[in-house]
Amino acid sequence: MTVSLKTYRLAATGVALGLLAAAAAPASAHHSASMFDRTKPVIIKGTIKAFNWVNPHCSILVIDEKTGETWNIESTSPGVLTRNGWTKRSLKPGDHVEMSVGPLRTGGPAGVIIDVKNLDTGETLKRAV
Amino acid sequence: MAGAVSTMGRLSLGAIFALGLAASAVAAPARVGANSPALQQQWRAIANLPDWSGIWDPDRANEAKQLRENKPPWNAAAQKVIDFQQKELVEGRPTLVLWGCFPHGHPTWMMINHNVMEIIFSPGRVTMLGEVDGNRMRRIFTDGRKHPEDPDLTFHGHSIGHWEGDTLVVDTVGVAPQAPIAQSEAIGLSNNGDMHVVERIRLTDENTLEDIITITAPKVFTKPWTTTSYFKRLRGPQYDIVEGQCVRGDYEEGVDKDGYATFVAGPERVNGGVVPIGKK
């Protein structure tokens, strides 16, 4: 009985902390992708800087070989990608890739993934949704 | 092979659950149904229910179709907000209907989910377990209980269910007014309270689960509204549910002052996405 009360209190504290965190930085969420324009894809050739395999959205940082800019490219969640054949090792820093990206409508080096071809292995991975 | 794995999973889960219930029986008086000692006959009765094992993947094409073709009967005030959201969506400024990593809530979780779920039968209960966060989860009591008179308001409400043949009929009240009724991540509104949801869930073929959802939401609808969701069954370990902590996206990996691995707040993002604010 004591144990379950303790557990309850811990859980309640966890929820309270979670709410505080959410209030401080209400950033992550399941969101629409209409800020990106998939109808006007751009092709980016470059080198992977980072592949962030995190919820709720994975992201890929890729250095555009033409401009030297780092693109921040959003994807869906690890769960959805996993069921479409991706793993956290699908892209590694230093990999050479060609990506098709739906760019941010407001401009700038950011967008949503359409597909990515790993030029080192020849493998193509598609966005999952 | 996949079937064998699935059966083993169910058996071992059942055994663990039964052990837990046996242990709790020492402290609590016996009662029929959920939270009671699981009699062998209750577990055997579960074998006569339809087979809802496996991983259920929401039918995204149907979600899009419902959004296009099945408009909810929003009242005039709500419709104004929805129209504004629609305009914003087209112009590339989607409203953040699901914000702060709160759960989708009921019934939105059943309507616009992108992630899979699994469904577990146990004596007196049907449990739906989602992929994202521990709070994407529904407990549907099938032990004959009624709704509480004055339930605590929660994102998934209080659900009771009963079987009509192979159809699970679920009645839900007690949903928090903040829980959205959403047709997409950018189109939807808080139910604003007093919502009542009835679902009829059944297999329409071997691998398709149908959920006919009727929502009565007097604060935002002019009349009850019915929509239908479908889920496709996936079998095999490659489709297993993975952990998904929504709030993780707000943090980056770090190390604390004593050298222990931790998470540190990351940059603020545009609209819940990965793009940092101010770095277009």
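Let's start with S159(B), which sits in strand β5 (residues 158-164) of chain B. Helices (H or I, at least four residues) and strands (E, at least two) are DSSP runs here, numbered from the N terminus. A word on the ground rules: this is a predicted model, so local features need pLDDT of at least 70 and side-chain atom pairs count only at pLDDT 80 or more, while totals for chains, interfaces and linings use all residues. Residues are numbered from 1 along each chain as its sequence is written, chains are lettered from A and ligands numbered from 1 in the order in which they are written, and side-chain values use heavy atoms, with hydrogens and water left out.

## Around S159(B)

S159(B) is buried, with a relative accessible area of 2%. Buried means under 20% relative accessible area, exposed means over 50%, and partly exposed is in between, using a 1.4 Å probe and protein chains only. If you skip the neighbours within four places in sequence, the contacts of S159(B) (heavy atoms within 4.5 Å) include R138(B), R139(B), I140(B) and F141(B), along with H147(B). V170(B), D171(B) and T172(B) are also on that list.

One of these partners, T172(B), has a side chain that makes a polar contact with the side chain of S159(B), at 2.7 Å. For a polar contact you need a pair of N or O atoms within 3.5 Å; within protein, one must be able to donate a hydrogen and the other to accept it, and residues adjacent in sequence count only if both atoms are side-chain atoms. R138(B) is 21 residues from S159(B) along the chain, and their C-alpha atoms are 8.0 Å apart.

## Chain B and its helix α3

Stepping back, chain B has five helices and 13 strands. Of its 280 residues, 44% are buried. Take the contacts in chain B with a separation of 6 or more: 56% of them join residues 24 or more positions apart.

Now look at α3(B). Its buried residues are N62(B), E63(B) and Q66(B). Seen down the helix axis, these fall within an arc of 105°, so they line one face of α3(B); the arc is that of the directions from the helix axis to the C-beta atoms. What lies over them includes β1 (55-58), α5 and β11 of chain B. A61(B), R68(B) and E69(B), on the other side of α3(B), are exposed.

## The largest cavity

Rolling a probe the size of a water molecule over the atoms shows where empty space is left. A search of the whole structure turns up two cavities of 30 Å³ or more, and the largest has a volume of about 90 Å³. It has 16 lining residues, and the closest to its centre are E63(B), Q66(B), M111(B), T227(B) and S229(B). On a 1 Å grid over the protein atoms alone, a cavity is a set of points where a 1.4 Å probe fits but cannot get out, and lining residues have an atom within 4 Å of a point. Grid points are joined across faces, edges and corners, and a volume is the space filled by probe spheres set on the points.

α3 (60-69), α5 (108-111) and β11 (225-234) of chain B each supply at least two lining residues, with β11(B) giving the most, six residues. By class, the lining has eight nonpolar, six polar and two charged residues. Ala, Val, Leu, Ile, Met, Phe, Trp, Tyr, Cys and Pro count as nonpolar, Asp, Glu, Lys and Arg as charged, and the others, Gly among them, as polar.

| Residue(s) | Feature | Value |
|---|---|---|
| N55(A) to P56(A) | cis peptide bond | omega near -5° |
| H106(B) to P107(B) | cis peptide bond | omega near 0° |
| N192(B) | positive phi, not a glycine | about 65° |
| D194(B) | positive phi, not a glycine | near 65° |

P56(A) is in the loop between β1 (42-52) and β2 (59-64) of chain A, and P107(B) is in the loop between α4 (76-90) and α5 of chain B. N192(B) lies in the loop between β8 (188-190) and β9 (196-205) of chain B, and D194(B) is in the loop between β8 and β9 of chain B too. N192(B) is partly exposed at 47% relative accessible area, whereas D194(B) counts as exposed at 56%.

## A serine in chain A

S100(A) is part of strand β4 (residues 96-103) of chain A. At 10% relative accessibility, S100(A) counts as buried. Not counting residues up to four places away in sequence, S100(A) touches P41(A), V42(A) and I43(A), as well as V112(A), I113(A), I114(A) and D115(A).

Definitions and conventions:
1 Å grid on protein atoms, 1.4 Å probe; cavity = no way out; pocket = protein on both sides within 12 Å on 5 of 7 lines; lining within 4 Å.
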